[in-house]
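Morning, everyone. Please have a look at the model on the screen, and I will walk you through it.

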Amino acid sequence: MQCVQMDGSPAAVARLVDAVRKALDGGPPVLPVGPTTVPQASAEPPDGTAVVVATTGSTGEPKLVALPAAALRASATTTAARLGGPGRWLLALPAEHVAGVQVIVRALLAGSEPVVQDVRVGFRPDDFAAASRALGAGRRYTSLVPTQLGRVLDAGGAALRGFDAVLVGGAALDPALRRQAQEAGVRVVTTYGMTETAGGCVYDGVPLDGVRVELDPDGRIRLGGATLASGYLGRPDDPAFAGGWFRTGDLGRWRDGRLEVLGRADDVIVTGGEKVAPAAVERVLAAQPGVRAACVVGLPDPQWGQLVGAAVQADPAEPAVRDWQAAVRAELGRAAVPRAVVVVAELPLRGIGKPDRAAVVALLTASELRG
């Protein structure tokens, strides 16, 4: 297995692009090695593996996921079909994560290499605009996390209007941010998936062609079909992969024919015997005037077991905590109302834009704002 060290530079991405191209055509599997990538496992990847990607470890111990060339190709071709046809891709994500790998695969299968934004100094909207100009004519796509989308929109959003679609994943897209994108004339497509499914496999709540989605009796989402990984390296009997399915840690429901992701099962808050889904509370909070984003967590409480807490990204000079609490009470009921609220200029993030829930718990524990 070939390891390619990633540092965010276009030169490093070029090395990975070359390695992925060869791997898709039957060459040696490639492992992109980022600053937080887990050490290489001693187990050899299964036959047919093209890329091995490390999970972020946001829900436990990081694992190495074996992605067959067939799964990567299926994801890329069905994405092109869903978006309206193949096109050129701008890579603005860390290439060692599955979302970055898939931008590379989609570009290669469309007949070109991706245009790469240099992110060694972080994601900057002006650098994104410059990279987008290098894409040239024809169909144009990119993939971003919500934080990146927000930064480009706050900078005017002009760089995004030339894209035929902007895939947004890695974390839930807040309704206010989606409205901002729509008002700016940007076609946003939300994606749901993970490393184990070769990246996003459900677009705007609708599975890609060849992707299967089922809900277990407890509401857990199971994913299967053409984009499924072979499994974890060194973990041949991992129960998450069984019978052609990957059992996620997420809860979901079908709503108007579309999959609605309610959040992780482990994140469910039990307060006074009632279960509260943080994602549902976050959606209500994010829809309130002046709120850019929210992260909801459970806090230990001796009387109720847990209390609902929230970090809200909004103007600290004009917090409307009681209005936010009233909106949650009206839509979700009394148990879901955040009793601990802290207003922040930016939510703490980890990985490629996922809210850092441990950091939010620490913020709320240190805060004296309790409603």
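Let me start with a question: is Asp118 buried, partly exposed or exposed? Asp118 counts as partly exposed, at 26% relative accessibility. Those words have cut-offs: buried is under 20% relative accessible area, exposed is over 50%, and partly exposed is in between, with a 1.4 Å probe and protein chains only.

Two notes on the model. It is predicted, so local features need pLDDT of at least 70 and side-chain atom pairs count only at pLDDT 80 or more, while totals for chains, interfaces and linings use all residues. Residues are numbered from 1 along each chain as its sequence is written, and side-chain values use heavy atoms, with hydrogens and water left out.

Back to Asp118. Asp118 forms a salt bridge with Arg120, and their closest N and O atoms are 2.5 Å apart. A salt bridge here is a side-chain nitrogen of Lys or Arg within 4 Å of a carboxyl oxygen of Asp or Glu. Arg120 is exposed, at 51% relative accessible area.

Both of these residues touch Ser9. Leaving aside neighbours within four places in sequence, Ser9 is in contact with Asp118 and Arg120. Contact means heavy atoms within 4.5 Å. Ser9 sits in the loop between strand S1 (2-5) and H1. Helices (H or I, at least four residues) and strands (E, at least two) are DSSP runs, numbered from the N terminus. Ser9 counts as buried, at 6% relative accessibility. Its side chain makes a polar contact of 2.6 Å with the side chain of Asp7. A polar contact is a pair of N or O atoms within 3.5 Å; within protein, one must be able to donate a hydrogen and the other to accept it, and residues adjacent in sequence count only if both atoms are side-chain atoms. The Ser9 side chain also reaches the backbone nitrogen of Ala12, at 3.2 Å.

More on salt bridges. How many are there in the whole structure? A search finds 19. In one of them, Glu113 pairs with Arg21, with the closest N and O atoms 2.8 Å apart. This pair links distant parts of the chain, 92 residues apart: Glu113 is in the loop between helix H3 (98-109) and strand S6 (115-116), and Arg21 is in helix H1. Glu113 is partly exposed at 38%, and Arg21 is partly exposed at 30%. There is also a network of salt bridges that links Glu214, Asp216, Asp218, Arg222 and Arg247.

Now the inside. In soluble globular proteins, nonpolar side chains tend to be buried together. A nonpolar core is a set of buried Ala, Val, Leu, Ile, Met, Phe, Trp, Tyr and Cys residues joined through side-chain atoms within 4.5 Å. Which members of the largest core touch the most other members? Val20 and Ile104 do, out of 54 residues. Helix H1 (residues 10-24) gives the most to this core, with 8 residues. A second, separate core has 23 residues, including Phe128 and Leu153. Three strands form an open sheet in the order S20-S21-S22, with mixed pairing. Strand S20 (293-301) and strand S22 (340-344) stand at the edges with a single partner strand each, so one side of each has no neighbour in the sheet. The twist averages 20° from one strand to the next. S20 and strand S21 (residues 305-313) run antiparallel and are joined by 9 bridges. Two strands pair if DSSP finds at least two bridges between them. Helix H7 (residues 278-286) packs on this sheet and touches S20 and S21.

Last stop: the backbone. Most residues other than glycine have a negative phi. Ala198 has a positive phi of about 60° although it is not a glycine. Ala198 is in the loop between strand S9 (188-194) and S10, and it counts as buried at 0% relative accessibility. Asp204 also has a positive phi, about 50°. Asp204 is partly exposed, at 24%.

Notes: Axes fitted to C-alpha atoms, helices over the stretch in contact; angles between N-to-C directions.
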